[in-house]
Amino acid sequence: MSENRKEIDSLDYNTYFIERDALLVSMGKDSKINPMTLKWKTIGELWMLPVITIAVAPSRYSFKLLTGEIQEFTINIPSNKILNTLDICGTLSGRNIDKIKEADLEIISGKKIRVPTLKDCNLNYECKIVHSCKSGQMASHHLFFGEILIAYASKEIIK
Ligand SMILES: Cc1cc2nc3c(=O)[nH]c(=O)nc-3n(C[C@H](O)[C@H](O)[C@H](O)COP(=O)(O)O)c2cc1C
């Protein structure tokens with residue numbers, strides 16, 4: 001799939017991104033990569049940067065990784081081929097299980113960051129966390145703002 005995708009401008013496929021119900025956010029490195037299913041996200045320009053914002057509950061293992069040593073994440077919008085992984089990565093926790101193995105996912109090393117992207121996706125983004133907001137009375141999830149450093153679209157969706 002690495003050869004089945006092309007680099008795109010960060011905000012080129014915003015509409016496609018917004019229309020997907022859920023995606024996989026991945027964080028960590030080497031043997032600790034953890035993909036998590038995520039529904040609450042936005043994409044657009046902030047502070048003159050292309051940014052993806054994700055909402056992650058503090059109870060998630062993913063939250064622990066996002067607030068740890070590696071302030072980076074990848075966003076991966078699965079193709080139909082691996083759509084079933086949304087169930088696996090949205091119900092199991094990386095605390096107890098290696099979801100990459102469990103979901104039989106393949107990874108592609110990051111170009112700009114240490115976190116790999118996932119194969120067989122229609123969109124991939126490598127993001128560096130530039131800001132975060134704590135959950136409060138109104139919001140039970142923290143917000144992580146990731147500057148998009150590089151983005152790819154699969155040949156299937158490139159027009
Ligand atoms: C369709 C779907 C959407 C989800 N969206 C979010 C979300 O936006 N934010 C969040 O924190 N958890 C969300 N979850 C829950 C996490 O994916 C789930 O708790 C996961 O098991 C956490 O994994 P982790 O402990 O390895 O981080 C969603 C789950 C599903 C099935």
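Modeller: A pocket here is an open set of grid points, on a 1 Å grid over the protein atoms alone, with protein on both sides within 12 Å along at least five of seven lines. The model is a predicted one. Its largest pocket holds about 290 Å³ of space. Lining that pocket are 22 residues, and Met36, Thr37, Arg60, Cys89 and Gly90 are the closest to its centre.

The lining of the largest pocket draws at least two residues from each of β3 (34–38), β5 (49–56), α2 (61–66) and α3 (85–91). The largest share is that of β3, with four residues. Sorted by class, the lining of this pocket has nine nonpolar, nine polar and four charged residues.

The ligand takes up the space of the largest pocket. Two or more residues of the shell around the ligand come from each of β3, β5, α2 and α3. Within that shell, β3 again gives the most, with four residues. There are 20 residues around the ligand, and those that come nearest are Thr37, Ser62, Leu92, Ser93 and Gly94. By class, the shell around the ligand has nine nonpolar, eight polar and three charged residues.

In the side chain of Asn34, an N or O atom is 2.9 Å from an oxygen atom of the ligand. Trp40 takes part through its backbone: a polar backbone atom of Trp40 is 3.0 Å from an oxygen atom of the ligand. With Ala55 the ligand atom is a nitrogen, 2.9 Å from a polar backbone atom of that residue. The ligand taken alone exposes 660 Å², and the protein buries 81% of that area.

For context, the second largest pocket has about 210 Å³ of space. Its lining consists of Met27, Gly28, Lys29, Asp30, Lys32, Tyr61, Lys64, Leu65, Gly68, Glu69 and Ile70. Here α2 gives the most, with three residues. By class, the lining of the second largest pocket divides into four nonpolar, two polar and five charged residues.

Conventions. Residues numbered from 1 in each chain as written. Predicted model: local features only at pLDDT ≥ 70, side-chain atom pairs only at ≥ 80, totals over all residues. Heavy atoms only, no water. 1 Å grid on protein atoms, 1.4 Å probe; cavity = no way out; pocket = protein on both sides within 12 Å on 5 of 7 lines; lining within 4 Å. Points joined across faces, edges and corners; volume = space filled by probe spheres on them. Nonpolar A, V, L, I, M, F, W, Y, C, P; charged D, E, K, R; others polar. Near = heavy atom within 4 Å. Polar contact = N/O pair within 3.5 Å; in protein donor to acceptor, adjacent residues only side chain to side chain. Areas by Shrake-Rupley, 256 points an atom, 1.4 Å probe, with all protein chains shown as cover. Sits in = over half its atoms within 2 Å of the grid points.
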